[in-house]
Amino acid sequence: MPESANTILNRAFMMLTRRSERVDRNRLVDTFVNIGPLFTLVSSLDHQVVFGRRGTGKTHVLNYLSDSRATEGDVVAYIDLSNIGSSGGIYSDHNIPLIERATRLLVDVLLAVHDTLLDYFVCNAEELDLSQTGPLLDRFADSITQVRVVGEVETKQGDNRR
């Protein structure tokens, strides 16, 4: 007996990868579908925060955006914070003050940006003057060691978020 269209469709949906972090980056870029003004919005030079439920396409669109910007000649630092901040270790140790944990997380993000820039400059050393960019990267690295998150922390009772 031939399969119904619904059965075929359901099987196809069940075979889709649920976590885009586990999919080859080129596949994500090749399968991106721009819906409405989404790509225009995330391409804005204004600061933005992208948020949403798991599976809504945040990683997919950001991978496409970073690939398109790199194609345009921009230097792209794509940083997956799930690889930087973890649910264990120094970021979730409540014995360490929140301000110290925030500082450590920010420093790790800045170091990832530094590493991306260093890789870019080394890979493009023929076009870029490393005698100019090298000292700037060194100053950036030195500045990262001086980063501190300061201020008061407010915690609300009855709210699981901190």
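A residue is called buried when its relative accessible area is under 20%, exposed when over 50%, and partly exposed in between (1.4 Å probe, protein chains only). Keep that handy as we walk through this predicted model, where local features need pLDDT of at least 70, side-chain atom pairs count only at pLDDT 80 or more, and totals for chains, interfaces and linings use all residues. Residues are numbered from 1 along each chain as its sequence is written, and side-chain values use heavy atoms, leaving out hydrogens and water.

Let's start with the whole chain. There are 6 helices and 0 strands, where helices (H or I, at least four residues) and strands (E, at least two) are DSSP runs, numbered from the N terminus. Of the 162 residues, 17% are buried. The mean pLDDT (the predictor's confidence in each residue, from 0 to 100) is 79.

Now look at helix 4 (residues 58-71). Its buried residues include Thr59, His60, Val61 and Leu65.

Next, find helix 5 (residues 98-123) and helix 6 (residues 130-144), which pack at about 170°. Angles run from 0 to 180 degrees between N-to-C directions, with axes fitted to C-alpha atoms over the stretch in contact. The two helices are therefore roughly antiparallel (over 145 degrees; under 35 is roughly parallel, 65 to 115 roughly perpendicular, the rest oblique). Where they meet (heavy atoms within 4.5 Å), Leu110 and Phe121 are among the residues from helix 5, and Leu137 and Phe140 among those from helix 6.
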